[in-house]
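These are my notebook entries on one protein model.

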Amino acid sequence: MGPQAVYQDDNARPHRARVVNDFLQQSGVNRMEWPACSPNLNPIENLWNELDRKVRSNHPPPKDVQHLYQMQQAEWQAFPQRIFTTLVNSIRTRCVEFKNSQGGYTHY
């Protein structure tokens, strides 16, 4: 990152908690203004969801934070390249659907 970097989140409550706000401010992180309840067009959310499902499907569940981290790393490395390519290629369709819905609901 660097001094020109800007942090973007989705306004989820955990991202706006006082402890997070304090940390970002103390760290000098610039935060992008983002309207509440805005549609999420960022395909990374689909990856987080898929990673969560993969980790939760492991048996037994992680026993501690370090084990969870290792499981996440292993699942991330196991993602086939086509998942990333498909999501990147979906950006145009996401934007067109968003425009056509005039800022309303999209299936993304």
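I took a salt bridge to be a side-chain nitrogen of Lys or Arg within 4 Å of a carboxyl oxygen of Asp or Glu. The model is predicted, so I noted that local features need pLDDT of at least 70, side-chain atom pairs count only at pLDDT 80 or more, and totals for chains, interfaces and linings use all residues. Residues are numbered from 1 along each chain as its sequence is written, and side-chain values use heavy atoms, without hydrogens and water.

Entry on confidence. I read pLDDT as the predictor's confidence in each residue, from 0 to 100. The protein chain has an average of 86, and 94% of the residues reach at least 70.

Entry on salt bridges. I found 5 salt bridges by this rule. R16 pairs with D9 at 3.1 Å, N to O. D9 also bridges to R31, with the closest N and O atoms 3.0 Å apart. Is D9 buried or exposed? I used buried for under 20% relative accessible area, exposed for over 50%, and partly exposed in between (1.4 Å probe, protein chains only). D9 is buried, at 5% relative accessibility, whereas R16 is partly exposed at 28%.

I then looked up D52, which forms a salt bridge with R56; their closest N and O atoms are 2.8 Å apart. D52 is partly exposed, with a relative accessible area of 34%, and R56 is exposed at 63%.
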